[in-house]
Amino acid sequence: MTITTKNTPTDSFLEALSDGLSNTKFESLKNNALQILRDQGLPSLKDEEYKFTSISKKLENSISNFKEATPVTLTPEQIATEMIPDLGADVLVFNNGRFDPQLSQWDEKDFNINLLSEVSEKALSEGFGSISKVEKDPFTALNSASFKDGVYIEIPDGKIVTKPVLLLSFNQSNEGQVIFPRTFINVGKNAEVTLIEKIISLDEQVYFLNDVTEISVGENSHLHYYKLQLENREAIEVSNFETNIHRDGAFSSAVISLQGGMIRNNLSLNLLGTGCEGNMYGLYLLNGKSHVDNHTNVDHTHPHAESNELYKGILADKSRGVFNGKIFVRKDAQKTNAFQQNNNILLSEEAIINTKPQLEIWADDVKCSHGCTAGQMDEEALFYLQARGIGREKAKGLLLYAFAGEVLENIKNEAFRAYCIEQVQDRLGSDF
């Protein structure tokens, strides 16, 4: 009798990685990541950090070809369809994780963009491969061992980029079902820029997007980073996004998750100087069997720094949301001001939210708070609106939008905020 055993996702990735270390420039990083992947494997529900999100099981059941997807044919018409009205942005196009300069348009006077393989070791020394450490998360190790190339975006010292930069990420299975974007962004001193990332599925087929973004925000610089996830209902994504913020620097993010199969967003901020500010906002609208897991981490290491965090979710049908937010206040980080809140509305008895805000404080002169809520629609408010002649469905939509709007108002770019408002209103009007 012959007994056959099914490869685990880790085995399948290791098999597909047989030719993944060809780029000698990153040989040390790749070999280190590969060893961690061999030793630890991908996480299961037994791992504390992934106890509510079984990415490995999802990959095992959904992905049959673990090779990297190759670029597909994109047309200017497809690019135009995904543009954000009135944004007036520089546009960077990514085709299955790979930068496409032919379809991109940007002003070279505002910032520099190059392939990682073409950038000097000195330029990469600001933190590439060390901000998002391979030992911190297994999927960072997977990306680090697997990526073929990536992009380096540099905002020079003193540069105020007045136009936003729109990153359009088009994804589709093609010769393989796995996509490995890799991005390193270096914002120089006294600089400012707004980056907007839009994740797009080209069809309804399953793929696995495993991306890593590392950012260094220089002294007295400001970076606004907004991400809109509009993927198909089969898409699987794990995003590791980590930022080092230096003295008097400020970073603000908003992650808007409107559709996807199973999404895990890991967002970490390292406040590495006095006067730092980190802001994280998130909104997830889930229905069907969609699953979104937001894991955030803020590390206060110096005094007189501030962080604010607000995530909100609206869950319907059999969807599931996860929020795990950690704030660390180190011994020397006196005068820290840190706030964290997660609020959720459940529209179905079968919808699930697992939420766990956490604080770990070693300093004694701080102002820190955290909290979470989960509940149903406010029936009294719904009755109040109906009593004034507003139909039940419209009244419900108004209340849900008012709940979501507190996150959206933290998007500073007016055109993108208006676009997100439209997308959210459409979702609340049709699917909830």
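Start with strand β13, which gives the most to the lining of the largest pocket: 4 residues. Bear in mind that this is a predicted model.

**Stop 1: the pocket**

The largest pocket has a volume of about 460 Å³. Select Glu49, Tyr50, Lys136, Asp137 and Arg264. Of the 26 residues that line the largest pocket, these are the closest to its centre.

Now colour the elements around the pocket. Select α6 (138–146), β11 (236–245), β13 (262–271), β15 (291–300) and β17 (320–329). Each gives two or more residues to the lining.

What kinds of residue make up the lining of the largest pocket? Colour by residue type to see. The lining holds 11 polar, 9 charged and 6 nonpolar residues.

**Stop 2: α6 and its partner**

Is their crossing left-handed or right-handed? The crossing of α2 and α6 is left-handed.

**Stop 3: where the helices meet**

Show side chains on both helices. On the α2 side, select Leu29, Lys30, Ala33, Leu34, Ile36 and Leu37. On the α6 side, select Pro138, Ala141, Leu142, Ser144, Ala145 and Ser146. These two sets meet. The residues of this contact divide into 9 nonpolar, 2 polar and 1 charged.

Note on methods. Residues numbered from 1 in each chain as written. Predicted model: local features only at pLDDT ≥ 70, side-chain atom pairs only at ≥ 80, totals over all residues. Heavy atoms only, no water. 1 Å grid on protein atoms, 1.4 Å probe; cavity = no way out; pocket = protein on both sides within 12 Å on 5 of 7 lines; lining within 4 Å. Points joined across faces, edges and corners; volume = space filled by probe spheres on them. Nonpolar A, V, L, I, M, F, W, Y, C, P; charged D, E, K, R; others polar. Left-handed = near helix turned anticlockwise from the far one by under 90°. Contact = heavy atoms within 4.5 Å.
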